[in-house]
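Some words used for protein structures rest on cut-offs.

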Number of protein chains: 2
Amino acid sequence: MSKRLFFITGNANKLKEAKEILVGYDVDSKKIDLPELQGEPEYIASEKAKLAAEMLKEPVFVEDVSLCFNALNGLPGPYIKDFLAKLGREGLVKLLSGYEDKSAYAVCMVGYCEPGKDSVVLKGRVDGKIVPIKGESDFGWDPIFLPDGFEKTFAEMSAEQKNEISHRKKALLKFKEFLEGC
Amino acid sequence: MSKRLFFITGNANKLKEAKEILVGYDVDSKKIDLPELQGEPEYIASEKAKLAAEMLKEPVFVEDVSLCFNALNGLPGPYIKDFLAKLGREGLVKLLSGYEDKSAYAVCMVGYCEPGKDSVVLKGRVDGKIVPIKGESDFGWDPIFLPDGFEKTFAEMSAEQKNEISHRKKALLKFKEFLEGC
């Protein structure tokens, strides 16, 4: 019987992506309201996974995305959701107007925990830069993130093309490797 | 017998200040590690007070300070500690270099909770602006905050003068009024 894992998400697309990558595992989702924590991205994913495992008493994984500006020493980082909500895409571009360095990286942390055990964090990172809005997207900051080596922002890529190179894909692939080594 | 209240802090100066303001109450401190939460300042103070009251089974209060830049729609706000740690004082000033509007406000939220009851949040606010470093201080952003109506930054004031007009003082005075109305 394949190992059962619960992905803590209410997002059907994220569940679909995780299922496609974690072949050989019985992945299901649960929507739990976990507190949004402050701190380093690794810490946040680790704590959320621990909390969810305690609540569900099942092996669980969570994912948490940060968008880090090098000029701001990694900020907004895990606070990107709040920054996007308060400043908008244009405001995020403007935030870097006083800085030469427009480089940034997107990080996805997958936190995995089995009840009563320590949590493990797997990291996927995509380097790129912050650019004026190009393309349309339902995903928050995709139109202002231009990944290195490409001429299209995440928003200008097809969903398939983006998912192929994304920080989330990289983190999920590392998670799969980790599970296979267990 | 006077009502007993626990202030969740490890800071002896903050306890002293609270005791001086909350005359007629038996104020003591407890150091508990509460999670640093993301969200609106009111929400954070409210949740922390609730958590602490559940843990201690006693009436408790917490305080949480935000530094809000109007040009950034209230950010860094509750993330100011992390921003100060990562960018420093000069970095915080630079963060506003692309904006005309240097106005800002300091907010102290006092969250109060009795076990099994809803928490209450009392707010103290000081308006001012962000200026290049003036004065020396052990307190993080005091040298870059110039309160409206004064020609000295918080760092250039004596401790007594600052405490007289501070966001924390205002919030504690409102808290005292609230307690007296209970």
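Q: Why is Phe154(A) called buried?
A: Phe154(A) has a relative accessible area of 1%, and buried means under 20%, exposed over 50% and partly exposed in between, with a 1.4 Å probe and protein chains only. Phe154(A) is therefore buried. This is a predicted model, in which local features need pLDDT of at least 70 and side-chain atom pairs count only at pLDDT 80 or more, while totals for chains, interfaces and linings use all residues. Residues are numbered from 1 along each chain as its sequence is written, chains are lettered from A and ligands numbered from 1 in the order in which they are written, and side-chain values use heavy atoms, with hydrogens and water left out.

Q: What makes the rings of Tyr112(B) and Phe178(B) an edge-to-face pair?
A: Rings of Phe, Tyr and Trp (its six-membered ring) pair if their centres lie within 6.5 Å; planes under 30 degrees apart count as stacked, over 60 as edge-to-face and the rest as tilted. The centres of Tyr112(B) and Phe178(B) are 6.1 Å apart and their planes are at 65°, so the pair is edge-to-face.

Q: Which parts of chain B does this pair link?
A: Tyr112(B) is in strand 5 (residues 103–113) and Phe178(B) is in helix 5 (residues 167–181), 66 residues apart. Helices (H or I, at least four residues) and strands (E, at least two) are DSSP runs, numbered from the N terminus.

Q: Is Tyr112(B) buried or exposed?
A: The relative accessible area of Tyr112(B) is 3%, so Tyr112(B) is buried. Phe178(B), at 26%, counts as partly exposed.

Q: How many aromatic pairs does the structure hold over all chains?
A: There are 16. One of them joins Phe145(A) and Phe154(A), with 5.2 Å centre to centre and 50° between the planes, and is tilted. Phe145(A) has a relative accessible area of 0%, so Phe145(A) is buried.

Q: How do you know that the charged end of Arg125(A) sits over the ring of Tyr105(A)?
A: A charge sits over a ring if NZ of Lys or CZ of Arg is within 6 Å of the ring centre and within 35 degrees of the ring normal. Here the distance from the ring centre is 3.7 Å. In chain B, Arg125(B) lies over the face of Tyr105(B), also at 3.7 Å from the ring centre.

Q: What makes Lys86(A) and Glu40(B) a salt bridge?
A: A salt bridge is a side-chain nitrogen of Lys or Arg within 4 Å of a carboxyl oxygen of Asp or Glu. The closest N and O atoms of Lys86(A) and Glu40(B) are 2.9 Å apart. The count between chain A and chain B is two salt bridges.

Q: How many residues of chain A and of chain B take part in the contact?
A: With contact meaning heavy atoms within 4.5 Å, 22 residues come from chain A and 22 residues from chain B.

Q: Why is Lys57(B) called exposed?
A: Lys57(B) has 62% relative accessibility, so Lys57(B) counts as exposed. The residue lies in the loop between helix 2 (41–56) and strand 3 (60–69) of chain B. Phi of Lys57(B) is near 55°, a positive value in a residue other than glycine.
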